[in-house]
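Me: I would like to learn how to read the features of this model. Please give me the general idea first, then the case here.

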Amino acid sequence: MTPSLPDILIGHAAALSAPQPPESSGDYLAGRLGLLAMLSVLAAQEASRGVAVRIWENGAIREVFASAAAEYDPAFAGALAKAASATDEDRTWAALDDSNDSLRRLLIRLHEAVETRRDSALDREILNLYQAMAKARRLELPAALAG
Amino acid sequence: MSLAAQLAAYLTRQSGAPTVVENLARISGGASRETYRYDAVAAGERKGFILRRDPPGSLIDTDRRLEFLAIRSFSGKAVAAPQAVVLEADGAELERPFFIMERIDGGAPSSPFALDQFAGYAGEIGEQFFSILGRIAAEPLEGLPILDAAERPDPADCWRRELDYWAGVIEADEQHPQPIVRAAIRRLRANPPPPAQRVSVVHGDYRSGNFLHDGQGRIVAILDWEMAHLGDPLEDLGWSMDPLWSNPADPRVSGMVTPDEARAIWRRASGLQIDPKAMAWWALFASVKGQAIWTSAAKAWRDGGFVEPVLAFSGWYTARRQDEILADQLCAVQAA
């Protein structure tokens, strides 16, 4: 998912160092700083959970691939089995996101194939996975800063 | 030369009378264009205006002429649209294309994220909010300025045109694979809605956060017409009721009225019916459209050098919240 935490932190530096014309001071500047404050709180959440969430999501997708691999034609089943057996040795943000990118692309292909076959059981399993993925990546808006 | 000086020079040339620009200040909101408030002072008379100027990078790539003509289509009518004054599509005098409209004073913006912001007058605000939306849906198209710029789709094609457009935005701007929204797009294509009851003006971004209210229960202006087009009026209803604009712990739409009340108010004001199958389609579509906008925001933020925090917020927090909504909707559709 974009933006990544490093992107957000780079964005803070870029936003705070960008020169603002006189007409962009006052309420507009206050609103801009408020947004940066909110992004800082969200960044703290991501810093504390982001790596664990990525490792969990990659593992959960691999589990679906492992259970589905035998159901499909040899070429696709091979790709699913290969992805299912991989592990995340490099646990940097960039490596985990690269791995997640490949897994999500394969998950999209698998879901399309599942829909074509009208495999409602696996369809439900994938939709439940989507729900869990989205929930795991949730960012909590700080109530004190909202509004 | 400062923006204030450039604007004063433009206004002086336009009106033929020396004009001074005072109190020029950028304001938040309307993330697809830079928005400024200012006072124009000429011949001792002071008047308030809003300037909308194309930015170097934006949340939504929209047609400024369409926005200008949409506002003009409803200026002076019972939908609280401001008066559109002038459009400069070339825009050389302010470096980028822009348009100007009269300023509506005496209102504060609503926020899509504030909790219980309408306190003791939530019902009155909700009644007006969905009545105005119903009136936009019911407005006869003949003679409206927006017809000069907006394509009029066949009622049976409204859904396809919108879905094609926003699916294309995701295809073009996605930087990390998004299986959830792609699944939703496939479900929408496989289960199209019935044809639109009528083709109406669609505001395109009608929601909490895009109106001004007086703090005592009265809506004074509907803002941000930048995604206006012609289409199925249920599109606006679906968008306005997307869970993104509501506190998950509050059963009311945007803290105003319940979903049943919202639909009833809209039906009364529009004279139209709400087919449940069509409404379900447009509700899921609203989340797809939202995710497309947040995807574009993330790309615009990156392409623009990470400078605008509103784009980061939209492309990060809002995108993730929209994914949750989409996943819940897909599970509900599958279970039905």
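Me: How many residue pairs are in polar contact across the interface of chain A and chain B?

Reply: A polar contact is a pair of N or O atoms within 3.5 Å; within protein, one must be able to donate a hydrogen and the other to accept it, and residues adjacent in sequence count only if both atoms are side-chain atoms. Across this interface the rule finds 18 such residue pairs, both residues being at pLDDT 80 or more. On chain A, helix 1 (5-17), helix 2 (26-68), helix 4 (93-117) and helix 5 (120-136) each supply at least two residues of the side that touches chain B. Helices (H or I, at least four residues) and strands (E, at least two) are DSSP runs, numbered from the N terminus.

Me: What conventions apply to the model?

Reply: This is a predicted model, in which local features need pLDDT of at least 70 and side-chain atom pairs count only at pLDDT 80 or more, while totals for chains, interfaces and linings use all residues. Residues are numbered from 1 along each chain as its sequence is written, chains are lettered from A and ligands numbered from 1 in the order in which they are written, and side-chain values use heavy atoms, with hydrogens and water left out.

Me: How many residues does each chain bring to the contact, and what area is buried?

Reply: Contact means heavy atoms within 4.5 Å. Chain A brings 48 residues and chain B 42 residues. Buried area is the accessible area (1.4 Å probe) that two parts lose on being put together, summed over both. Here that is about 4,300 Å², with 65% of it on carbon and sulfur atoms.

Me: How many salt bridges cross the interface of chain A and chain B?

Reply: Side chains of opposite charge can pair when their charged atoms come close. The rule asks for a side-chain nitrogen of Lys or Arg within 4 Å of a carboxyl oxygen of Asp or Glu. It finds 8 across this interface. One of them joins A:Glu115 and B:Arg187, at 3.1 Å from N to O. Over all chains the count is 45.

Me: Which residues of helix 1 of chain A are buried?

Reply: Buried means under 20% relative accessible area, exposed over 50%, partly exposed in between (1.4 Å probe, protein chains only). In helix 1 of chain A, the buried residues are A:Leu5, A:Asp7, A:Ile8, A:Gly11, A:His12, A:Ala14 and A:Ala15. They pack against helix 2 and helix 4 of chain A, and also against helix 8 (276-303) and helix 9 (309-335) of chain B.

Me: Which residue does B:Asp54 pair with in a salt bridge?

Reply: The partner is B:Arg33, with the closest N and O atoms 3.3 Å apart. The two are 21 residues apart: B:Asp54 is in the loop between strand 3 and helix 2 (64-74) of chain B, and B:Arg33 in the loop between strand 1 (19-27) and strand 2 of that chain. B:Asp54 is buried at 11% relative accessibility, and B:Arg33 is buried at 4%.

Me: Is B:Arg207 buried or exposed?

Reply: B:Arg207 is buried, at 14% relative accessibility. Its place is the loop between strand 7 (200-202) and strand 8 (211-213) of chain B. A polar contact of 3.0 Å joins its side chain to that of B:Asp205. Leaving out residues up to four places away in sequence, B:Arg207 touches B:Pro112, B:Phe129, B:Trp239 and B:Trp245.
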